Structure formats: structure tokens, C-alpha cells
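Please read the following points with the sequence and the structure side by side. They are written for someone new to this entry.

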Amino acid sequence: MRGHDRPRGRHRHRTPAPHAAPAGRRTGPAAAVTAPRRFRSARRIPAALTALAVLALAGLFLYDLAAVRAGRPAMRWRRELAGQLERQTPSDTAVLAAGALLALAGAVLLLLALAPGVRGLLPMRAEPGVRAGIRRKAAALVLRDRAMEVSGVRSVRVRMGRGRVGIKATSHFRELDDVRADLDAVLATGIEELGLAHPPRPRVRVRR
């Protein structure tokens, strides 16, 4: 038995296949929120100053060595430095103190180089490929405005940190426990609405 012929003038529609996600990119609900890293400072001015200082010192030594090779006497400061190095030994107190000071300075410089450096900018949750941040002062101002909406609050001081928010409020009426409970609820909502990648913990203090 033969089947019915397909009606003429009608075309079958194909559902386009979904495009494959690029390699290394997540899709779905899990891709809506990422864990952004902290913002890092470019440190262009310190790097330029350090490079200029090293270049000047290396150029000075190179000039003095070239002058000695050409038959001219070495500079006075280099002769004195060579004499000091001949008389001093590694066990001398001055040498040990200078070595410890240089090691400490190197450790501090290494720590500063590895640290992000941008402490006033808090990273926010964002979609993949997008980096967002908010200034600490702006975030503190938002939380302060939210806290001032609580009934009974007369003044508020907010200190915004990376891991904790310090709130000091002054109340001129209502019970302090009621004001503190309302502040806890309002600040919890305000911190959530900021959309920070690492929401800080609020620490509320209320006084008359």
C-alpha cells in the first residue's frame, strides 16, 4: 500500500542546530556568575623609576670600567668601595647588618610586586568576559543611605572593608535592639544588592 504523497507547495522547516560553545567557555546557569579575581595595579610609575635607577647605576659602573680599561684612574668612590670590601669580612657586624637590611628590602619589594595593589576597588559578580567593580567609598555610601532609612536612626558611619563592614549608628528613639534588628535586615539586603564577588560580613553597633 502506497502512502500519501506530500502536498505540493509546502516546505519542511529545519530547526537550526545550536551553535557550539567556544572552547574554555561555560554555558548554562553556572556561567551566569563567575569568581572574578581582584583588580591589579599596573604600577607603571614605580616600574619606570626602578628601571631608570638601575639603568643609571649600571651606566655609571660601565663608564668607570671603560675609563679604567682606557688607562684612566678609577673614580674615587669606587676606589673607596674596593678598599672597604678588601678590609671587611662576611663575619663583620656591619656586613651582616647591611645584608639583613638588603634582604628585608628585597622581601618587601617582592611582596609589593605580588600584591594586587588596588585596595579601593571591590570586584563584583559578572558574566563571563566582563569585569566589574565598585569603589569602597561608593559601596559605603549606598549602605549608609540604606541604613538611614531605618526608623529611629539619627546618624550612621560606615567603614567598608574587603571582608567586613563596620556600621556605627546613633538612635534617638525606639529600643536599641529593635533598631539593630532592622539594621541587620536592611544591611543584609543592601550588601546582597551590591553584587560583590565576596560579600563582607556586617558588624553593627547602635548607641544613643
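1. Surface. The protein chain exposes about 16,700 Å², and 59% of that area is supplied by carbon and sulfur atoms. Please keep in mind that this is a predicted model. Of the 208 residues in the protein chain, 20% count as buried.

2. Layout. The protein chain has 5 helices and 5 strands. Read from the N terminus, the elements follow the order α-α-α-β-β-α-β-β-α-β. Among contacts in the protein chain with a separation of 6 or more, 58% are between residues 24 or more positions apart.

3. Nonpolar patch. Leu57, Leu60, Phe61, Trp77, Leu81 and Leu85 make a nonpolar surface patch of about 540 Å². Both α1 and α2 contribute, each with at least two residues. Trp77 belongs to helix α2. With 32% relative accessibility, Trp77 counts as partly exposed.

4. In one of them, the side chains of Arg78 and Asp64 meet at 2.0 Å, N to O. Arg78 sits in helix α2 (residues 76-87) and Asp64 in helix α1 (residues 44-69), so the pair links parts of the chain that are 14 residues apart.

5. Another salt bridge joins the side chains of Arg125 and Glu192, at 3.6 Å from N to O. Because Arg125 lies in the loop between β1 and β2 while Glu192 is in helix α5, this pair ties together parts that are 67 residues apart in sequence. Arg125 has a relative accessibility of 31% and counts as partly exposed.

6. Arg174. This residue is in the loop between β4 and α5. Its phi is positive, about 75°, although Arg174 is not a glycine. Most residues other than glycine have a negative phi. The side chain of Arg174 also forms a salt bridge with that of Asp182, at 2.8 Å from N to O. Arg174 is partly exposed at 28% relative accessibility, and Asp182 is partly exposed at 30%.

7. Helix α4. Which residues of α4 are buried? They are Arg136, Ala139, Ala140, Leu143 and Ala147. Seen down the axis of α4, these buried residues fall within an arc of 100°, so they line one face of the helix. Their cover includes β1 (121-124), β2 (132-135), β3 (153-160), β4 (164-171) and α5 (176-194). As for length, α4 has 13 residues (136-148), which at 1.5 Å a residue should span 18 Å. The end C-alpha atoms of α4 are 18 Å apart, in agreement with that expectation.

8. Helix α5. The buried residues of α5 are Val179, Leu183, Leu187, Gly190, Ile191 and Leu194. Viewed down the axis of α5, they fall within an arc of 95°, so they line one face of the helix. On the other side of α5, Asp177 and Glu193 are exposed.

9. What covers the buried residues of α5? The cover includes the strands β1, β2, β3, β4 and β5 (201-207), along with helix α4. Helix α5 is in turn among the elements that cover the buried residues of α4. Just after α5, Gly195 takes a positive phi of about 70°.

10. Arg159. This residue lies in strand β3. At 70% relative accessibility, Arg159 counts as exposed. Leaving aside residues up to four places away in sequence, Arg159 touches Arg164, Val165 and Gly166. Leu141 is 18 residues from Arg159 along the chain, and the C-alpha atoms of the two are separated by 9.6 Å.

Conventions
Residues numbered from 1 in each chain as written. Predicted model: local features only at pLDDT ≥ 70, side-chain atom pairs only at ≥ 80, totals over all residues. Heavy atoms only, no water. Helix = DSSP H or I, 4+ residues; strand = E, 2+ residues; numbered from the N terminus. Expected span 1.5 Å × (residues − 1). Buried < 20%, exposed > 50% of the residue type's maximum accessible area, 1.4 Å probe, protein only. Arc of directions from axis to C-beta. Contact = heavy atoms within 4.5 Å. Salt bridge = Lys/Arg side-chain N within 4 Å of Asp/Glu carboxyl O. Areas by Shrake-Rupley, 256 points an atom, 1.4 Å probe, with all protein chains shown as cover. Patch = residues over 30% accessible without salt bridge, like charges linked within 9 Å, V, L, I, M, F, W, Y side chains within 5 Å.
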